[in-house]
Amino acid sequence: MNEDIKKQILNKIESYDKIIVSRHIRPDGDAIGSTKGFTGILRATYPEKQVYLLNDDYSDHIAFLGGEDKLKEDEIDKVYDGALLVVIDTGTADRISNSNYKKAREIIKIDHHIDDTPYGDISWVEDFRSSACEMIADFYLTFKDRLKITTEAATCIYCGMVTDSSRFRNEGVTGETMRLAGALLDLNIDTQTLYSHLYTDGLETFKLKSYVYDHIKITPNGVAYVYIDVKTQKKFNLTLESASEVVSELKRIRGSLIWIAFIDNKEKNQIRVRLRSRFVHVNELANKYHGGGHNMSAGATAYSKEEMRALIIDADKLLGEFKAKYGERL
């Protein structure tokens, strides 16, 4: 698919001596896995090129994959001068985790989100893909006669595929997804160590889950939501990122097809919103509340408790309309 675009991207990469790779702010496993994996492919294939992985923030949850590059203040202009920037897994330019991205000569966008706000000199978007990592795996395999990959890079890409697809259970997972994952597994990925990092928790995490279960609220039509205030974040030593992960604890409630986690962010005087769903599309709801994302996985922002309550009402209405049209679902 999109063979011409992929050829354009590879040719552009081969024409540059300096390449910078970036992703979106507040990164998840897909953002980090795709950029670290892509960087690893470029470094293995083109050891003579200067390849940098540069971002303004990071993720403690995925830190086991390793760190990223850092520049000193007096190095920035020199590195970006005449460089190609590849931005992966980032739907809009305002979410690029690189405050210097405009300094690059050209920008390539590789993404699997709905392309509401296009950017980049070359844009390869496949919003039917389950993850950006799936696209990176496809890119490598399309040109495997010209590209090289390491086990470390393959592990990063596979990690992003696993996490963004909820272990290959989300909408968008296809036979092609599994074939690409299988090709990566053939590269000697240590899945036992990877899964141990991803799916084991400390005792405090279990205490947090207990708190979440005690504080879940359900709307009349079945929207499940939980609010994590600053006091609770401090009690469980949560970052905004780790607090946002509690949304995954709501998805096993039978009859609840929309799940929302509200995370108080006093520093920015806002409430972070994580929207997830089964069957119901929530991306338009997220768009209404200063956000966006996929059909069944999106993010938004509420700037007051009143706006948070309005979002809950809208979500309940959306779910009610869905059930009225299609009936009850698991």
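Visitor: Which residue is the bridge partner of I20 in β2?

Guide: Strands are DSSP E runs of at least two residues and helices H or I runs of at least four, numbered from the N terminus; two strands pair if DSSP finds at least two bridges between them. Here the partner of I20 is Y52, and β1 and β2 (residues 50-53) pair in the parallel sense over four bridges. This is a predicted model, in which local features need pLDDT of at least 70, side-chain atom pairs count only at pLDDT 80 or more, and totals for chains, interfaces and linings use all residues. Residues are numbered from 1 along each chain as its sequence is written, and side-chain values use heavy atoms, with hydrogens and water left out.

Visitor: How is an aromatic pair described?

Guide: One gives the distance of the centres and the angle of the planes. Rings of Phe, Tyr and Trp (its six-membered ring) pair if their centres lie within 6.5 Å; planes under 30 degrees apart count as stacked, over 60 as edge-to-face and the rest as tilted. The structure holds eight such pairs. For W124 and F139, the centres are 6.1 Å apart and the planes at 45 degrees, so the pair is tilted. For F139 and F143, the values are 5.3 Å and 70 degrees, so that pair is edge-to-face. F38, W124, F139 and F143 form one aromatic cluster.
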